[in-house]
There are 2 protein chains.
Amino acid sequence: MSSSKLKLNRVAIVGGTHGSELTGAYLIKKFERSPSLVKRPTFEALTLFGNPRAFKAGTRYIERDLNRCFSLKDLNNPSLATYEDIRAKEICGVLGTKENSKVDFVIDLHSTTSNMGLTVILGEKEDPLILNLAAYLTSINPLVKFFRWSDTQDNSFLRSVCPRSIAIEVGAIPHGVLNPWYFEQTEKLIYTILDFLNSYNTRPLKPSCSTITIFEGIKLVDYPRHQNGELSAMIDPSLVSKDYQPLEPGASLFKTFEGRTITYKGTSTVYPAFIGEASYQEKGIAMCLTAKHEISLAVDY
Amino acid sequence: MSSSKLKLNRVAIVGGTHGSELTGAYLIKKFERSPSLVKRPTFEALTLFGNPRAFKAGTRYIERDLNRCFSLKDLNNPSLATYEDIRAKEICGVLGTKENSKVDFVIDLHSTTSNMGLTVILGEKEDPLILNLAAYLTSINPLVKFFRWSDTQDNSFLRSVCPRSIAIEVGAIPHGVLNPWYFEQTEKLIYTILDFLNSYNTRPLKPSCSTITIFEGIKLVDYPRHQNGELSAMIDPSLVSKDYQPLEPGASLFKTFEGRTITYKGTSTVYPAFIGEASYQEKGIAMCLTAKHEISLAVDY
């Protein structure tokens with residue numbers, strides 16, 4: 001075991017960060033009723049319900065996206081006083097901040113209207129724990145996908161309160177819908193992750209497979225829009241539900257309402273994710289183009 | 001031609017009645033840009049955008065479901081002053097009310113998170129025009145489904161402002177998502193309906209097929225819930241996406257979060273629709289059980 005390996009003492013599982021993503025919300029409620037489900041011998045497991053008011057209202061958020069409220073700049077700005085800004089500060093009271101985390105690992109539960117299956121969004125790039133977790137999950141279920149945003153420096157996601165964190169992003173699930181199949185798949189995935197974290201505390205790290213595939217976000221693409229901000233085109237029918245599939249230069253990207261095709265002008269193959277995600281439309285995102293990386297783990301940490 | 005046959009002079013197409021149902025919203029915008037698409041020789045075609053503020057906000061409604069604001073009681077109640085109550089009165093200024101309709105036919109465009117395909121929700125039961133329209137659509141596309149709510153007396157739907165009306169309900173589409181495939185299918189369906197209405201104005205009614213199938217809502221079923229109103233069970237995995245499929249007595253209906261199955265206690269086969277529709281959760285509806293009727297049109301109207 002590497003001497004730098006820090007034991008995980010407190011693991012936090014967060015759901016309902018977005019009130020209309022019901023998989024995580026109802027999983028947290030289940031874990032709150034039966035804490036033994038997430039208990040493991042070597043660490044304390046906390047569960048936290050992110051945005052109870054938005055959940056009650058059946059919406060993603062009340063005033064502002066809670067999962068964009070965790071930059072240090074915003075947390076330290078006393079003039080920000082929306083419900084979500086206040087809730088973010090409350091959550092930091094429990095989990096700490098990225099400067100002074102009170103937990104050793106965070107799992108934040110989300111769902112998406114995009115066809116991303118069981119996706120694990122990875123945090124810090126070079127952390128052997130995270131990479132070995134991905135290898136372990138790959139060995140158990142090769143269908144699990146791994147996604148990484150390109151910039152996670154001082155980001156504003158909830159999970160950024162802890163240097164070691166992941167999000168689980170499951171779909172396609174309409175917001176406001178409780179899909180039993182994905183509920184059960186996500187629950188199983190969480191238990192597998194907790195088992196891995198427990199074994200990390202007790203055994204040397206050893207990759208469970210030699211290569212993992214990570215889709216890394218390289219470019220956000222917005223819809224073509226009219227001057228008033230309304231969409232002037234849809235996702236091209238050929239691209240619907242094709243998350244993580246290769247998109248070649250010249251392939252169809254959008255189709256205007258009048259039937260004209262708009263193609264991908266890039267020069268290399270990319271792998272779109274979050275295709276047509278409902279809640280990203282207001283953020284100016286039609287999809288996230290990713291690069292597919294095969295990462296070798298044939299190293300001894 | 002029957003002497004009682006009244007010519008259709010004004011046909012209204014309404015979309016965006018729910019702000020997050022983007023198929024209808026963007027179809028109306030397309031028709032507003034190109035009115036010739038919905039123009040037919042024998043009638044005037046109006047287009048109307050139901051709830052522009054909710055569309056802008058990306059939500060179903062701002063304060064109250066606009067598609068429940070059209071009962072005469074509510075329309076005549078000056079103390080109701082939500083955005084949607086006011087908007088309903090504005091819409092009645094254009095379309096009239098159920099007592100004094102200013103249009104001869106209404107098509108209201110909706111989408112659903114349930115797997116209901118292309119569904120046409122029929123209005124008044126015994127109207128030969130409506131039944132022959134269903135027969136015509138069946139002859140063109142046998143996959144189109146016909147649904148009827150059991151009680152349409154003095155109902156509060158937008159389309160109730162006109163005695164002759166239908167809604168188009170398309171899914172599964174997550175709210176907030178613009179699905180290009182369904183956009184094109186819905187557009188095509190609207191043109192087929194307009195063509196039929198135009199031909200109705202010029203030729204005697206003659207059924208295009210001898211039998212139509214109508215699914216008639218007979219019972220609304222809510223989720224099992226905890227005392228605080230939160231769900232205590234999900235749609236059973238075996239029932240997900242099985243809209244319009246037969247549900248036999250004793251079949252699984254719900255599954256609790258702890259894994260217990262709750263079965264259908266009825267004594268006859270039913271055909272659930274709107275299974276797990278996201279926006280019906282707040283209305284206390286997990287699904288609508290329907291009876292399947294085969295209706296013979298081998299009569300000369």
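B:Lys56 is exposed, with a relative accessible area of 78%. This residue of the predicted model belongs to helix α2 of chain B. Although 36 residues separate B:Lys56 from B:Ser20 in sequence, their C-alpha atoms lie 9.0 Å apart in space.

The buried set comprises A:Leu22, A:Thr23, A:Gly24, A:Ala25, A:Tyr26, A:Leu27, A:Ile28, A:Lys29, A:Lys30 and A:Phe31. Their packing partners in chain A are the strands β1 (10–15), β2 (44–49) and β5 (105–111) and the helices α2 (52–57) and α6 (180–202).

Strand pairing in chain A can be followed through one phenylalanine. Strand β6 (residues 117–122) and strand β7 (residues 145–148) of chain A pair in the parallel sense, with 3 bridges between them, and here A:Ile121 stands opposite A:Phe147 of β7(A). β7(A) also pairs with strand β9 (residues 211–221) of chain A, again in the parallel sense, over 2 bridges. In β9(A), A:Phe215 is the bridge partner of A:Phe147.

An antiparallel arrangement is found in chain B, where 3 strands make up an open sheet in the order β8-β9-β10. The edges are taken by β8 (233–235) and β10 (261–263) of chain B; each has a single partner strand, so one side of each is left without a neighbour in the sheet. From one strand to the next, the twist averages 35°. β8(B) pairs with strand β9 (residues 252–256) of chain B over 3 bridges, in the antiparallel sense. Within this pairing, B:Met234 has B:Lys255 of β9(B) as its bridge partner.

B:Met234 leads on to the interface between the chains. In all, 29 residues of chain B contact 29 residues of chain A, and the two chains bury about 2600 Å² between them, 60% of it on carbon and sulfur atoms. B:Met234, B:Pro180 and B:Phe257 supply 21% of the area that chain B buries against chain A, more than any other three residues. Since 100% of the interface residues of chain B are also interface residues in chain A, the copies meet through the same surface.

How are the two chains placed relative to each other? Chain B is superposed on chain A by a rotation of 180° with 0.0 Å of shift along the axis, at an RMSD of 0.0 Å. That is the relation of a two-fold axis. B:Pro174 comes closest to this rotation axis among the residues of chain B, its C-alpha lying at 2.2 Å.

Several details of the backbone deserve a look as well. A cis peptide bond, with omega about 15°, joins B:Gly171 and B:Ala172, and B:Ala172 sits in the loop between β6 (165–171) and α6 (180–202) of chain B. In chain A, a cis peptide bond links A:Gly171 and A:Ala172, with omega about 15°; A:Ala172 is in the loop between β8 (165–171) and α6 of chain A.

A:Tyr244, with phi about 75°, lies in the loop between β10 (233–235) and β11 (252–256) of chain A, where A:Tyr244 is buried at a relative accessible area of 6%. A:Phe274 has a phi of about 50° and belongs to the loop between β13 (271–273) and β14 (287–296) of chain A. A:Phe274 is likewise buried, with a relative accessible area of 1%.

Technical notes:
Residues are numbered from 1 along each chain as its sequence is written. Chains are lettered from A and ligands numbered from 1 in the order in which they are written. This is a predicted model: local features need pLDDT of at least 70, side-chain atom pairs count only at pLDDT 80 or more; totals for chains, interfaces and linings use all residues. Side-chain values use heavy atoms; hydrogens and water are left out. Copies are superposed by least squares on the C-alpha atoms of residues with pLDDT of at least 70 in both. Contact means heavy atoms within 4.5 Å. Two strands pair if DSSP finds at least two bridges between them. Helices (H or I, at least four residues) and strands (E, at least two) are DSSP runs, numbered from the N terminus. Axes are lines fitted to C-alpha atoms, for helices over the stretch in contact, and angles run from 0 to 180 degrees between N-to-C directions. Buried means under 20% relative accessible area, exposed over 50%, partly exposed in between (1.4 Å probe, protein chains only). Buried area is the accessible area (1.4 Å probe) that two parts lose on being put together, summed over both.
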